[in-house]
Amino acid sequence: MMEEEIRTRLNQCGFKATPQRMRVYAAMCRLGHASADALYHFLGGASSTMSLATVYNVLESLTEAGLLVQRPSFSNKMFFDVNTAPHGHIYRQDSQEITDFTDESLRQAVEARVREMLPEGLALDRVEVQVVCHAVHSPQAEQVES
Ligand SMILES: [Zn+2]
């Protein structure tokens, strides 16, 4: 997303396109997914001009503006996502990498099943498919590497 587009989007939501918001959004575009902590470290941590609380507040306002989506994470931390369209995630426990995947028929199938089993009095907001995995080391793969 171009700088001007981000500025327009923020303005439309009643937010000023402050340098902090622009900087945080640009960093999120590079990372794709990040928790407030991870983004804070990406921006320089303690040597950054932004405190962790500021980074968090900026992430919240970008989420309100519809530029980011906040998602429950694999490791008890919320993370922010620049891809606001419905999609699933593949999380690698060993490297903590998060990769997007889109499988609309899988999402719809899970959603249909969840609607059937949802306890009375609850309404479904959305279905997010999260796959947790780790790399396996096969002897053949190691031979190829060496
Ligand atoms: Zn994503």
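**Entry 1: domains**

Domain bounds, I noted to start with, come from an automatic or database domain assignment. With that in hand, I saw that the protein chain is split into domain 1 (1-84) and domain 2 (85-135). I reminded myself that this is a predicted model, where local features need pLDDT of at least 70, side-chain atom pairs count only at pLDDT 80 or more, and totals for chains, interfaces and linings use all residues. Residues are numbered from 1 along each chain as its sequence is written.

I looked up the distance between the domain centres, taken over C-alpha atoms, and found 23 Å. The contact takes 5 residues from domain 1 and 8 residues from domain 2; two residues are in contact if their C-beta atoms, placed from the backbone, lie within 7 Å. On the side of domain 1 that touches domain 2, I found 1 nonpolar, 3 polar and 1 charged residue. Here Ala, Val, Leu, Ile, Met, Phe, Trp, Tyr, Cys and Pro count as nonpolar, Asp, Glu, Lys and Arg as charged, and the others, Gly among them, as polar.

**Entry 2: the core**

Next I turned to the largest nonpolar core, which has 15 residues. Such a core is a set of buried Ala, Val, Leu, Ile, Met, Phe, Trp, Tyr and Cys residues joined through C-beta atoms within 7 Å. A residue is buried if 20 or more other C-beta atoms lie within 10 Å of its own, exposed if 12 or fewer, and partly exposed in between, with C-beta atoms placed from the backbone. The residues with the most contacts inside this core are Val-24, Met-28, Leu-39, Val-55, Leu-59 and Leu-62.

Which elements each supply at least two residues of this core? I listed helix H2 (19-31), helix H3 (36-42), helix H4 (52-64) and strand S3 (79-81). Helices (H or I, at least four residues) and strands (E, at least two) are DSSP runs, numbered from the N terminus. H4 gives the largest share of the core, 4 residues. I also checked Val-55: leaving out residues up to four places away in sequence, Val-55 touches Val-24, Ala-36, Leu-39, Tyr-40, Leu-43 and Met-50.

I found Val-55, Val-58, Leu-59 and Leu-62 to be the buried residues of H4. They lie on the same side of H4 because they cover an arc of only 100° around the axis, the arc being that of the directions from the helix axis to the C-beta atoms. H2, H3 and S3 are among what covers them. After H4 I came to Gly-66, whose phi is positive, near 85°.

For contrast I opened helix H5 (residues 104-117), which has 14 residues. How many of the 14 residues of H5 are buried? The count is 0, and H5 is hardly covered.

Ser-61 sits in helix H4, and I read it as partly exposed because it has 19 C-beta neighbours inside 10 Å. Not counting residues up to four places away in sequence, Ser-61 touches Phe-15 and Arg-21.

Gln-96 is in the loop between strand S4 (88-92) and strand S5 (98-101). Its phi is near 60°, a positive value in a residue other than glycine. Is Gln-96 buried or exposed? I noted Gln-96 as exposed because 10 other C-beta atoms lie within 10 Å.

Apart from its neighbours within four places in sequence, Ile-98 is in contact with His-33, His-89 and Tyr-91. Ile-98 and Ala-135 are 37 residues apart in sequence, and I found 13 Å between them in space, C-alpha to C-alpha.

Definitions and conventions
Expected span 1.5 Å × (residues − 1).
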